[in-house]
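Colleague: Please take me through this model term by term, and set each value against the definition behind it.

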Amino acid sequence: MNPGWDNTLVYEKDKGTVIEMPLLNSAVAFLMNTTDGSKASLQTNYTKTTYLIQKDSAGVFKGWFMVLIADTAYVNGDFSKLNKNTYQQRDPAYSGRLMYFNINGKFAGGWRYQNGAITKTLTLTNAAASGGQQQINAARPKTTMSTGGCTVTPIVSVSWICAGNPTPTTASIRTNSVSCEPTYYVTGYILECSGGGGSSDGGAGGGGSNNTPGAGGNTSFPSPIEQGCKSVAPASVDGKQVNLQPPVPTTPDDPCLVKPPVPDPVAPKPPKIIMDSLLKNFPCAVRLILDKLAQNGVYGDLVKPFTTTGMPDLSWNNSQMPFNQINTSGGNPIYQLGETTVIGQSYNATINLNTSMLQNSSQLLIASVAIHETLHAVINYNLQMAGYNKADGNVTLNSWLFGIDSWYEIKGLPSNFSNHYLMMDYYFDQAVTALSQWGNNAHTTKEYQMTMLYGLNNPGENDSSTSAQFVAKTQRLKTEYNELLKKFSITEADLNVYWKSQLNSTTNKLPSSGCN
Amino acid sequence: MKFLVKIILNLIVITNLSNSVAQTISKKDTVYYFIDTAKIPVLDRLIRVDIADPHIFYTINCPCLSSGSNPVFRTNINNRTLVNKSKVAKIKFISLVKLIELVRKNDTPYFNDAVTIFFIEPREKVFIQERVFFLGGKQTKIE
């Protein structure tokens, strides 16, 4: 973000204060009003992005990005025309799109202007909601389709490769290269419907707006708040349903409030976490454990790789595993509470929860197992990404304690050993916090710690490593594990009694009904 | 009808697999596969393309790895290069059946150290060459 301080405006509007800051070099590339995909990069000249901060009469700060995409006919070669349009005052003859995004980049409303009048209401969906980004190999991507009185326009991003310069970043490099080839991606869709947003500024804005309807006059752009939150019927693209979301109300009192940039713990993003199978067999496990975890700030951060992009997928199932099974080698009965399965170097993961655990154990233990298995999936994701980066020749540091090469070496270690070591060494505090957030801090910290310790000293089956290596790994895990016990003043005896009560719980088990 | 076409395509692949003779890798090898999905309707494609920027994943819709999973290849969108028609004309491509057989018979963690696979994708006037990495089919269960 490169603020244009010299052109920043501060003024009073709607009994509040507005700071309007144009952003430099932040044009958004949209492919609109053309059927020639190769012209996509030229469209950046037709856009203008402004950062708006508004302090209302109650002292509440709200922020948006305002994006203008002018019609080529409106600009007509005079790109300075865009500068006649600000949030405070727009060109009475403006033709193009106006879109608002909140500070997290979420679409917050938009309108189509023609000759100064609002003619259509825009809604936007990202491609992830309709099955992920779509690569368009053809050089001339389809642009606009009509459906149900609306037009659906793909938002197309373009990636270039050029002979001798695989990753050109500027148009000049592309222009000067011998041969360049674009690849187009549909990253989202804009739906334009007439009638939904009124036919003029006044109609769309509702009472209280100081906008002047129609063309001409001294006018300003409507704000997302003034527009209310109008729902729009779902539409389809090429016969496939897409989830076109209207601006989502965030509070009952102010349906269009865009929250200031503070972490929002209640932001579950469902696209690629697949729970159909578990929901069918154990709906209460989904509703009381997974859904509740998804509303949890720390867990939400942990699981972010699976919620913020079209890939990878995280699937949840249940299956029968050893539970209170006699240990033929002697010792305590065998309990396997869950497992995470990955295929090859894919970063997709499938989590299976033990059916017997779901039937017999406490919700607290089940939630801890859900966190434990999620961490397996997340660690696998990070290790695979490290492997991808190394294979691609990219050396980067990540947020963990090691450089990429160290990670790649860890990647070659048996998963149970490396994962459990990391869970204790790096993730343990986050896991305990996630569990206590899930449980609304109803238990003691020590109870959350003891619950999360379950299974962490398990090095897994003896793999291809020699017996001596396996013994060494087991010992290393045990050392790390014992250090945690010592740190939290927990004894083995404490754990055995506590776990026994959680594994075969008499209270606080998952309900068998009432969660559908 | 499309479903029937997919079944037939799968049957052809599986039948050919059983008849073909696999080449076990003994040295560093480079193979080229000509991938042209653009001309095939999405629902009829045997190879699915998924994009998670900057990665592109190619999944062959054939559960023919020993774990029963589909072969998946990955490339990085930023590491592609262009090749011209004259160079492409000299390349000897392997068939899809041979490609599947290659990865099926040599599904080890060291596959990509032993074999370099390039996909060549046609565009309007040029061809895009990308090194793809076989992701393997070994199933790992972590408790």
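Modeller: Strand 2 of chain B and strand 3 of chain B form a hairpin, and 2 residues lie between them. The model is predicted, so local features were taken only at pLDDT of at least 70 and side-chain atom pairs only at pLDDT 80 or more, while totals for chains, interfaces and linings use all residues. Residues are numbered from 1 along each chain as its sequence is written, and chains are lettered from A and ligands numbered from 1 in the order in which they are written.

Colleague: How do you know that strand 2 of chain B and strand 3 of chain B are joined, and in which direction do they run?

Modeller: Strands pair if DSSP finds at least two bridges between them, and strand 2 (residues 47-52) of chain B is joined to strand 3 (residues 55-60) of chain B by 6 bridges, the two running antiparallel. B:I51 stands opposite B:I56 in strand 3 of chain B. Strand 3 of chain B also pairs with strand 4 (residues 72-76) of chain B, in the antiparallel sense and over 5 bridges, with B:F73 in strand 4 of chain B as the bridge partner of B:Y58.

Colleague: Which strands stand at the edges of the open sheet, and why?

Modeller: The open sheet has 5 strands in the order 15(A)-16(A)-20(A)-19(A)-8(B), with mixed pairing. Strand 15 (273-274) of chain A and strand 8 (139-142) of chain B stand at the edges because each has a single partner strand, which leaves one side of each without a neighbour in the sheet.

Colleague: Which helix of chain A lies across strand 16, strand 19 and strand 20 of chain A together with strand 8 of chain B?

Modeller: Helix 8 of chain A does, and it runs at about 20° to strand 19 (338-343) of chain A. Helices and strands here are DSSP runs numbered from the N terminus (helices H or I with at least four residues, strands E with at least two), and chain A comes to 13 helices and 20 strands.

Colleague: What makes helix 8 of chain A parallel, perpendicular or oblique to helix 10 of chain A?

Modeller: Helix 8 (residues 363-391) of chain A packs against helix 10 of chain A at an angle of about 135°, with the axes 10 Å apart. That makes helix 8 of chain A oblique to helix 10 of chain A, given that angles under 35 degrees count as roughly parallel, over 145 as roughly antiparallel, 65 to 115 as roughly perpendicular and the rest as oblique. The crossing of helix 8 of chain A and helix 10 of chain A is right-handed. A:A367, A:I371 and A:L375 are among the residues of helix 8 of chain A in this contact, and A:L422, A:M423 and A:W438 are among those of helix 10 of chain A. The residues of this contact of helix 8 of chain A with helix 10 of chain A divide into 11 nonpolar, 3 polar and no charged.

Colleague: And how is helix 10 of chain A set relative to helix 12 of chain A, roughly parallel or roughly antiparallel, and why?

Modeller: The axes of helix 10 (residues 415-438) of chain A and helix 12 (residues 467-487) of chain A come within 10 Å and cross at roughly 20°. That makes helix 10 of chain A roughly parallel to helix 12 of chain A, and their crossing is left-handed. The contact includes A:F417, A:Y421 and A:F428 from helix 10 of chain A, and A:L477, A:Y481 and A:L484 from helix 12 of chain A. By class, this contact of helix 10 of chain A with helix 12 of chain A has 7 nonpolar, 1 polar and 3 charged residues.

Colleague: What does B:V115 count as, and why?

Modeller: B:V115, in strand 6 (residues 115-122) of chain B, has 18 C-beta neighbours inside 10 Å and therefore counts as partly exposed. B:V115 and B:V31 are 84 residues apart in sequence and 7.5 Å apart in space, C-alpha to C-alpha.

Key
Axes fitted to C-alpha atoms, helices over the stretch in contact; angles between N-to-C directions. Left-handed = near helix turned anticlockwise from the far one by under 90°. Contact = placed C-beta atoms within 7 Å. Nonpolar A, V, L, I, M, F, W, Y, C, P; charged D, E, K, R; others polar. Buried ≥ 20, exposed ≤ 12 C-beta atoms within 10 Å, placed from the backbone.
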